[in-house]
Amino acid sequence: MIVNELAVGAQGQSPAGGRPIGEVILDLQNISLSFGGVKALTDISFNVRKGEIRSIIGPNGAGKSSMLNVINGVYHPQQGSVIFHGEKRRDMDPHKAAAQGIARTFQNIALFKGMSVLDNIMTGRILKMKTNLLQHALFWGAAQREEIEHRKKVEEVIDFLEIQSIRKTPVGRLPYGLQKRVELGRALAAEPSMLLLDEPMAGMNVEEKQDMSRFILDVNDQFGTTIVLIEHDMGVVMDISDRVVVLDYGKKIGDGTPEEVMANPDVIAAYLGTSH
Amino acid sequence: MFYREAGQFKASYQADQQIFPIRQDKIAVWALVLFFAAVVPVIADQYWLKAILIPVLIFSLAALGLNILTGYAGQLSLGSAAFMAVGAFGAYNFMLRIDGMPFLVAIVLGGLCAAAVGVLFGLPSLRIKGFYLAVATLAAQFFIVWALVKFPWFSNYSSSGVISTQEINILGFAFDGPTSKYMLTLAVVVILALAAKNMVRSSTGRAWMAVRDMDVAAEVIGIRPMRTKLIAFAVSSFYCGVAGALYAYTYLGTVEPEGFNLDLSFKILFMIIIGGTGSIMGSFLGAAFIVLLPILLDNFVPSLLGDLVSASFVSNFQLIVFGAMIIFFLIVEPHGLARLWQIGKEKLRLWPFPH
């Protein structure tokens, strides 16, 4: 199965094409992370360039999600440094990462179940809203103007993701594929400079995967958003990524363009196993 | 058949943001408010005003406060009655110790005292969740009542700890009868309910609900969980505090710290469970239900069963019905009466057609 997917990917074209890939904006140096005695990440270094689609792949438990959690400040690595926009990061938390323009989606959908699609996406703009509690209580003047102004932005996101018909639906009632799309919408509403996607296509059928791939490419193309992607579907990863980093048991075993990674014997061993 | 939104188009975001976007709803709500403001004071007798309408309004406000904290921000609290006590005794002391203190300012200050105490007891919520937080707020419940009894300064050294509230006088008009007290309570409750609705439909409310539904995701999109929870504690306690001040001034007239005991906290919690967590209207429905049900049972059970049952059976029967209702709502409709109302409205949109 995996052999097939790798083969399919090999035929695909790398989309690097004419998009401007800029300088390194995120540099991870010798990151090590452990929980008690369990080493989740060991001495991992890689970087992300502005405007590229950077994928992280690897078998289950390789530390991919931990890596994203390090990037947006949920986990704090014991060793190594994270350099974002040329600045070394100290005592990070997710809120600060959000303020610096990093948005993300989750492997298991993390939408706000009790709220409508519209409200979920509106929460994505919370950092840009400046009115305070008392103004909200009055809902007059500045608070109302701000609400309308941000609603316009949110409607743009809704149009972009083609979810106009469900904007007032509570997210709990939506099918899985649409929930994933709404979650992408919530991240996009923050107008991030870097978007972390944790398995955006897990559990989707082929059509839904195609839609999601199109949205990811469009976001990257139209807004110039840098994307860090975790995905298990090798066909998709090899098709849309500019560069791929491969993790296995918390260690980096490969890094490079999709073609380079697929030719890497360590990567093939990790995916297919080797005879010892 | 008459409840259709067909033909009502929203041409601006402002129109789409209204609290009651459907015209029929808007008309119904205005009619209801007008009825309670203009018709009820004329037709209701003293008993209705004093024993039913004023307490329903006050408990609605307290339930609204708890609903903001528990229903919207997801932080379970068993200290609502204690925050009411802070509001009541706060307002009393401001009235007592500052000459010429206007009544409305005193209840706002009482509410602010409750908000400050609420924030203090909300601090554990940053570390603990669910049942453990409920136990921490239980500490607030016992500590506050204990402190109000322990330090007689709060009750102006009255020998029994009971305070008798001062007369209410706003701009020279004395609110001394049940009708004027009802109107005052209604005005305060309507204004605060509107403010609560406005808060929950703006980014403050979305932050509360985000923290309630998925706190990790909330933090990742830039919501500060600590700030959000403490704001919820402050606003919730403010509402409870104002409700407590009204409870003392417009409902009972004399209150003691022990009156704000755990039973009252539970009563308010039941109101939001039965009325509907995470719903402004649910707070009103729940409060009305819990205040009215015992009165209904008191009046109807004896007349139904006559001399077959004793008075003590009737009061126990009340408790049985309450218990059964709570279990029923927790299992069948966790979103309470408000959700049933909403389902009814959705059905009414289609009626008499099946689809």
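The legends below describe views of a predicted model with chains A and B.

**View 1. Chain A as a whole.** Chain A contains eleven helices and ten strands. Its radius of gyration is 19 Å, close to the 19 Å that the globule rule gives for 276 residues, so chain A is as compact as a globular protein of that length. Along the principal axes, the C-alpha trace of chain A spans about 70 × 40 × 35 Å. Buried residues account for 44% of the 276 residues of chain A. Among contacts in chain A between residues at least 6 apart in sequence, 71% join residues at least 24 apart.

**View 2. The domains of chain A.** The domain assignment divides chain A into domain 1 (2-101 + 192-272) and domain 2 (112-175). The C-alpha centres of domain 1 and domain 2 of chain A are 29 Å apart.

**View 3. Chain B as a whole.** Chain B has 14 helices and four strands. With a radius of gyration of 21 Å, close to the 20 Å given by the globule rule for 355 residues, chain B is as compact as a globular protein of that length. Its C-alpha atoms fill a box of roughly 65 × 60 × 45 Å along the principal axes. Of the 355 residues in chain B, 44% are buried. Among contacts in chain B with a separation of 6 or more, 75% are between residues 24 or more positions apart.

**View 4. The contact between chain A and chain B.** Chain A contributes 31 residues to the contact and chain B contributes 25 residues. On the side of chain A that touches chain B, the elements giving two or more residues are α3 (94-99), β6 (102-104), α4 (117-123), α5 (133-138) and α6 (142-160). That side of chain A comprises 19 nonpolar, six polar and six charged residues.

View 5. Val220(B) belongs to helix α9 (residues 215-220) of chain B. There are 28 other C-beta atoms within 10 Å of Val220(B), and the cut-off for burial is 20 or more, so Val220(B) counts as buried. Leaving aside residues up to four places away in sequence, Val220(B) touches Asn72(A), Pro94(A), Ala98(A) and Arg104(A).

**View 6. Helices α2 and α7 of chain B.** The axes of helix α2 (residues 23-43) and helix α7 (residues 178-200) of chain B come within 10 Å and cross at roughly 170 degrees. Angles over 145 degrees count as roughly antiparallel, and α2(B) and α7(B) are therefore roughly antiparallel to each other. From α2(B), the contact uses Val33(B), Phe36(B), Ala37(B) and Pro41(B). From α7(B), it uses Thr179(B), Tyr182(B), Met183(B), Leu186(B) and Val190(B). By class, the residues of this contact are eight nonpolar, one polar and no charged.

**View 7. Backbone details in both chains.** Most residues other than glycine have a negative phi, and most peptide bonds are trans. Glu162(A), although not a glycine, has a positive phi of about 55 degrees. Glu162(A) sits in the loop between α6 and α7 (176-189) of chain A and counts as exposed, with 11 C-beta neighbours inside 10 Å. In chain B, Asn156(B) is not a glycine but has a positive phi of about 55 degrees. Asn156(B) is in the loop between α6 (130-150) and β1 (163-164) of chain B and is partly exposed, with 13 C-beta neighbours inside 10 Å. Trp351(B) and Pro352(B) are joined by a cis peptide bond with an omega of about 5 degrees. Pro352(B) lies in the segment after α14 (336-350) of chain B.

Note on methods
Residues are numbered from 1 along each chain as its sequence is written. Chains are lettered from A and ligands numbered from 1 in the order in which they are written. This is a predicted model: local features need pLDDT of at least 70, side-chain atom pairs count only at pLDDT 80 or more; totals for chains, interfaces and linings use all residues. Axes are lines fitted to C-alpha atoms, for helices over the stretch in contact, and angles run from 0 to 180 degrees between N-to-C directions. Angles under 35 degrees count as roughly parallel, over 145 as roughly antiparallel, 65 to 115 as roughly perpendicular and the rest as oblique. Two residues are in contact if their C-beta atoms, placed from the backbone, lie within 7 Å. Ala, Val, Leu, Ile, Met, Phe, Trp, Tyr, Cys and Pro count as nonpolar, Asp, Glu, Lys and Arg as charged, and the others, Gly among them, as polar. The radius of gyration is taken over C-alpha atoms; the globule rule is 2.2 Å times the number of residues to the power 0.38. A residue is buried if 20 or more other C-beta atoms lie within 10 Å of its own, exposed if 12 or fewer, and partly exposed in between; C-beta atoms are placed from the backbone. Domain bounds come from an automatic or database domain assignment.
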